[in-house]
There are 2 protein chains.
Amino acid sequence: MVFETNATVASFGGKLLKLSHNSTVIGSKMNLNLYLPPQAVAGTKVPWIFYLAGLTCTGDNGAEKGFFQTAAAKNSVAIVYPDTSPREARYEGDDASWDFGRAAGFYINASKAPWSETYKMENYIVDELYNALPKEFSLDPVRVSIMGHSMGGHGALTLYLKYPSKFKSVSAFSPISNPINCPWGQKAFAGYFGEDKEEWKKHDATELIKSFKGNTDILIDVGTGDNFYKQKQLLPENLEAAAKESGIPTGPNGLNVRFQEDYDHSYYFISTFSSDHVEHHMKFLQSQDNLIDF
Amino acid sequence: MVFETNATVASFGGKLLKLSHNSTVIGSKMNLNLYLPPQAVAGTKVPWIFYLAGLTCTGDNGAEKGFFQTAAAKNSVAIVYPDTSPREARYEGDDASWDFGRAAGFYINASKAPWSETYKMENYIVDELYNALPKEFSLDPVRVSIMGHSMGGHGALTLYLKYPSKFKSVSAFSPISNPINCPWGQKAFAGYFGEDKEEWKKHDATELIKSFKGNTDILIDVGTGDNFYKQKQLLPENLEAAAKESGIPTGPNGLNVRFQEDYDHSYYFISTFSSDHVEHHMKFLQSQDNLIDF
């Protein structure tokens with residue numbers, strides 16, 4: 001058993017498992033949450049969706065406040081809530097600010113020392129958790145999607161655009177959509193990668209979408225009352241413009257950036273639209289077998 | 001204006017207001033949250049439900065994790081989330097334990113010094129908030145119900161049983177149902193009231209229900225995996241037995257104690273059943289006018 005189950009919590013007819021494991025990629029212990037809908041608890045292999053959280057968060061925020069479980073139970077899909085950075089390895093300055101270091105792993109593999117030693121959240125998600133979880137839990141190894149919020153929205157979009165064969169679909173809540181052009185992204189990328197801006201582009205959704213050839217039915221929600229949107233940390237308009245320039249359809253069934261009147265950056269916003277996002281993914285996660293079953 | 005609105009947060013088409021006011025009853029500043037469904041935001045007076053939180057909580061826990069907003073928006077009902085004790089007045093020992101003093105006001109008016117000076121959560125709820133909120137917000141002054149969790153379940157049940165003319169209905173999640181016979185209740189009542197056990201009975205749902213003549217269609221959910229239930233802090237079985245002995249109907253449409261297999265004491269439990277509770281209250285909060293409208 002790779003994963004230790006520290007608690008099993010009943011939720012919406014299914015079980016939320018509070019897991020920990022010794023991560024090979026990160027090199028130390030990591031915590032995560034896994035919500036199994038009733039069908040998975042009963043032993044059916046179900047599709048699953050990564051939910052990547054934002055700055056300052058752990059795997060608990062989405063599980064406690066995102067309210068994905070109601071739609072997950074209804075749609076027979078599991079949700080995985082990983083942490084946002086390594087926790088046990090410590091480096092000078094890793095707690096100095098809330099937008100770099102601990103809880104700010106940005107879902108990339110750092111190339112600059114000392115971060116390059118353990119800050120490998122990209123491989124942690126797309127290799128280690130992706131492969132290990134279906135071996136131990138009732139999850140379908142190929143029906144996998146990804147979503148996230150803010151920094152985790154950046155993570156979801158970029159990991160999807162980099163690894164289109166691994167994920168059936170992507171969605172994001174208020175994502176950092178063009179990190180190379182916003183203060184959060186510039187600080188993180190300079191810290192984790194150094195000053196090579198060509199390297200930065202490989203981890204930027206707005207850059208990556210220009211040459212993307214996969215499924216571009218992508219749901220993005222952004223609140224018009226979101227102060228980080230107003231401060232141009234998120235820049236979903238840049239992602240949308242890049243898609244249009246590249247001939248990628250926008251709007252419903254394309255790159256669908258929905259501006260939600262007056263909503264902010266909080267979990268009150270996420271929870272309001274979490275069912276929409278789960279249902280977006282179900283369009284791509286329901287197998288033909290499932291469709292025949294119903 | 002009695003209430004200051006510190007923040008307005010969009011949620012499920014309505015608004016969560018983060019309020020504070022100088023409470024006359026408590027004698028200092030108190031914080032609370034008020035969720036207004038879309039219809040109230042648009043100016044229609046809507047019915048409302050108090051949600052009383054448990055030990056260690058503030059008015060934020062239910063608002064962030066209880067997930068009442070989804071059913072509140074759907075059913076056009078507002079939810080009020082008060083704090084659990086005075087905050088500004090401080091007394092020796094008020095932070096010494098998590099089950100007495102701060103965040104453990106037990107929704108009673110203390111009679112023992114020094115607590116009797118400000119620990120008056122009973123009057124704070126049933127008089128001050130009850131009267132002041134409809135004057136300032138789009139709330140119907142008579143269509144009011146009450147629910148709560150754990151200590152707040154005790155609060156909801158006892159305030160309902162004491163003031164049947166004020167509340168149309170009551171429900172509770174894992175309530176402290178017989179405080180005079182459990183360690184939490186005995187400690188709190190000894191601290192707030194002294195050793196007069198006849199006085200204690202006036203604040204105990206199991207005692208109060210014996211002579212209750214109002215609406216006994218009461219919904220209570222308790223998780224069988226709840227450690228506090230197992231430790232006999234909650235004792236819903238005593239409440240149920242007292243109702244039966246008093247000829248009060250039990251089960252659906254009576255005092256309906258539902259034991260939910262494997263659920264614990266957490267907000268994962270509450271959120272799973274929060275829509276059921278809102279819908280329970282709507283049976284009693286929908287006016288004839290509303291029924292005609294639909």
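What I am showing is a predicted model.

With that in hand, take the two chains.

Next, the interface itself. On chain A, 21 residues are in contact with 21 residues of chain B. The area buried between the two chains is about 1800 Å², and carbon and sulfur atoms give 56% of that area. Three residues, Ala10(A), Phe67(A) and Tyr268(A), supply 35% of the area that chain A buries against chain B, more than any other three residues.

There are charged and polar pairs here too. Between chain A and chain B the count is four salt bridges, and ten residue pairs are in polar contact. Which elements of chain A give two or more residues to the side that touches chain B? They are strand S1 (3–11), strand S2 (14–22), helix H2 (59–66) and helix H11. H11(A) has the largest share of that side, with four residues.

The side chains of Asp262(A) and Lys15(B) meet at 2.3 Å, N to O. Asp262(A) sits in the loop between S9 and H11 of chain A, while Lys15(B) is in strand S2 of chain B. Are these two residues buried or partly exposed? Buried means under 20% relative accessible area. Lys15(B) has 17%, so Lys15(B) is buried. Asp262(A) has 35% relative accessibility, so Asp262(A) counts as partly exposed.

In chain B, the side chains of Lys18(B) and Asp60(B) meet at 3.1 Å, N to O. Lys18(B) is in strand S2 and Asp60(B) is in helix H2, so this pair ties together parts that are 42 residues apart in sequence. Both residues are partly exposed: Lys18(B) has a relative accessible area of 22%, and Asp60(B) is at 29%.

In chain A, Glu199(A) and Lys202(A) form a salt bridge through their side chains, also listed as N to O, at 3.1 Å. Lys202(A) is at 49% relative accessibility, which makes Lys202(A) partly exposed. Elsewhere in that chain, Arg90(A), Asp94(A), Asp95(A) and Arg102(A) are linked in a network of salt bridges. Over all chains, the count comes to 36 salt bridges.

On to the site named in the record. Which residues does UniProt list for "active site"? The entry, which is unreviewed, gives Ser150(A), Asp226(A) and His265(A). These residues span 116 residues in sequence, yet no two of their C-alpha atoms are more than 10.9 Å apart, so they gather at one spot.

Take Asp226(A) to begin with. Asp226(A) lies in the loop between strand S8 (218–223) and helix H9 (227–230) of chain A. At 0% relative accessibility, Asp226(A) is buried. Setting aside neighbours within four places in sequence, Asp226(A) is in contact with Ser174(A), Leu234(A), Tyr263(A), Asp264(A) and His265(A).

Then His265(A). This residue is in the loop between strand S9 (255–260) and helix H11 (267–285) of chain A. His265(A) is buried as well, with a relative accessible area of 14%. Among the residues that His265(A) touches beyond four places in sequence are His149(A), Ser150(A) and Asp226(A). With Ser150(A) there is also a polar contact of 2.8 Å between the side chains.

My last item is helix H6 of chain B, residues 183–193. How many of its eleven residues are buried? Eight are, so the helix is mostly covered. Among the buried residues are Trp184(B), Phe189(B), Tyr192(B) and Phe193(B). The buried residues of H6(B) pack against helix H5 (151–162), helix H7 (197–201) and helix H9 (227–230) of chain B. After H6(B) comes Gly194(B), which has a positive phi, near 85°.

Note on methods: Residues numbered from 1 in each chain as written. Chains lettered and ligands numbered in written order. Predicted model: local features only at pLDDT ≥ 70, side-chain atom pairs only at ≥ 80, totals over all residues. Heavy atoms only, no water. UniProt positions renumbered as here; feature names shortened; annotations may be inferred. Buried < 20%, exposed > 50% of the residue type's maximum accessible area, 1.4 Å probe, protein only. Contact = heavy atoms within 4.5 Å. Polar contact = N/O pair within 3.5 Å; in protein donor to acceptor, adjacent residues only side chain to side chain. Buried area = accessible area lost by both parts, 1.4 Å probe.
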